[in-house]
Amino acid sequence: MESIDTKSIQLGRNVERNVSVASALWFHLICSLGIVSGFSVSRFVCSIDIVSNTDHFLMILWAVECPIVILMFGVIRRDSSKCSYLRAVGRGLLGLPTGALVIALCAVALGAPVGKKYFLATVNWSLLMSLFTVVPTATVFGSSFADWQRLFANTRPVGSIDYMLCVPAHGAILGSWFGAWPMPLDWERPWQEWPVCVTYGGVAGYVMGLCVSFGLVVFSSRGRDHVKGE
């Protein structure tokens, strides 16, 4: 009897960590459209670009994407019967500045320039990267150390929701890292300034991560259907 109850609990957890392929598609499309909308507002409404007005461009980008990410991932929060939607939204809002602080410190430790000239750009870039990496997981799992460790220290996603959290975050981090490569080169191009090329890399990596994440969701869904068929 005890083994049956244990299996039932585990099955419930697995179901909770999965969403349908259609839901995952909507999530990925809306998050992608948020990025496109941020670029469009900056370029066509405010008439600014990332090279000439970096800090304002980044502020618009994360401000447009922020409500989309938090409100969307609040829907698929864990333990929805115990955690209200507003509480999940609150966790996401708290995770935004917390993640930005950690990311900014890591960036400075890895060689990002400091000083008054770069302060606002670094703050807004860190907030954007926090939206890509920290906020979704904070909204869904809160401060659960076991889940954070599983996703980011061990990189062991166990369901479609985990893929939606883990893969785009890793994509944004890797994209930013690759985007930083042209910065020390002596080409003297304006887009080599911090954090322009890093932002392009992070956004590109995030979007690629969304695509890979959706592919993994589809693959895992087919695997579950195959197991059920047996």
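Predicted model: local features only at pLDDT ≥ 70, side-chain atom pairs only at ≥ 80, totals over all residues.
**Entry 1: Asn-53**

I looked up Asn-53 to begin with: at 22% relative accessibility it counts as partly exposed, because that class sits between buried (under 20% relative accessible area) and exposed (over 50%), using a 1.4 Å probe and protein chains only. Asn-53 has its place in the loop between H2 and H3. Helices here are DSSP runs of H or I with at least four residues, strands are runs of E with at least two, and both are numbered from the N terminus.

Residues are numbered from 1 along each chain as its sequence is written, and side-chain values use heavy atoms, with hydrogens and water left out.

**Entry 2: the whole chain**

I found 9 helices and 0 strands in the protein. Of its 230 residues, 45% count as buried. Then I turned to contacts, meaning heavy atoms within 4.5 Å. Among contacts between residues at least 6 apart in sequence, 71% join residues at least 24 apart.

Which residues does Asn-124 contact, leaving aside its neighbours within four places in sequence? I noted Asp-55, Leu-58, Met-59 and Trp-62. Asn-124 lies in helix H5, residues 116–133, and counts as buried at 7% relative accessibility.

Next I looked at how H5 packs. Helix H4 (residues 85–109) meets H5 at an angle of about 115°, with the axes 8 Å apart. Axes are lines fitted to C-alpha atoms, for helices over the stretch in contact, and angles run from 0 to 180 degrees between N-to-C directions. Among the residues meeting here are Gly-95, Ile-103 and Ala-107 in H4, and Trp-125, Met-129 and Thr-133 in H5. By class, the contact of H4 with H5 has 10 nonpolar, 6 polar and no charged residues. In this scheme Ala, Val, Leu, Ile, Met, Phe, Trp, Tyr, Cys and Pro are nonpolar, Asp, Glu, Lys and Arg are charged, and the others, Gly among them, are polar.

H8 is another partner: H5 and H8 pack at about 145°, with their axes 7 Å apart. From H5 come Trp-125, Met-129, Phe-132 and Thr-133, and they meet Pro-168, Ala-169, Ala-172, Ile-173 and Ser-176 in H8.

**Entry 3: Ser-176**

Is Ser-176 buried or exposed? Ser-176 is buried, with a relative accessible area of 8%, and it lies in helix H8. Beyond its neighbours within four places in sequence, Ser-176 is in contact with Trp-125, Met-129, Val-198, Gly-201 and Gly-202.

**Entry 4: the core and Trp-125**

A nonpolar core is a set of buried Ala, Val, Leu, Ile, Met, Phe, Trp, Tyr and Cys residues joined through side-chain atoms within 4.5 Å. The largest one has 50 residues, and Ile-76, Trp-125 and Phe-132 have the most contacts inside it. Which helix gives the largest share of this core? I found that H3 does, with 10 residues.

Not counting residues up to four places away in sequence, it touches Leu-58, Ile-103, Ala-107, Ser-176, Trp-194, Pro-195, Val-198 and Thr-199.

**Entry 5: backbone details**

Two names from that list came up again: the peptide bond from Trp-194 to Pro-195 is cis, with omega near -5°. Pro-195 has its place in the loop between H8 and H9.

I then looked for positive phi values in residues other than glycine. Asp-79 has phi near 55°; it is found in the loop between H3 and H4 and is partly exposed, with a relative accessible area of 31%. Thr-155 has a positive phi of about 50°. I located Thr-155 in the loop between helix H7 (145–153) and H8, and at 41% relative accessibility it counts as partly exposed.
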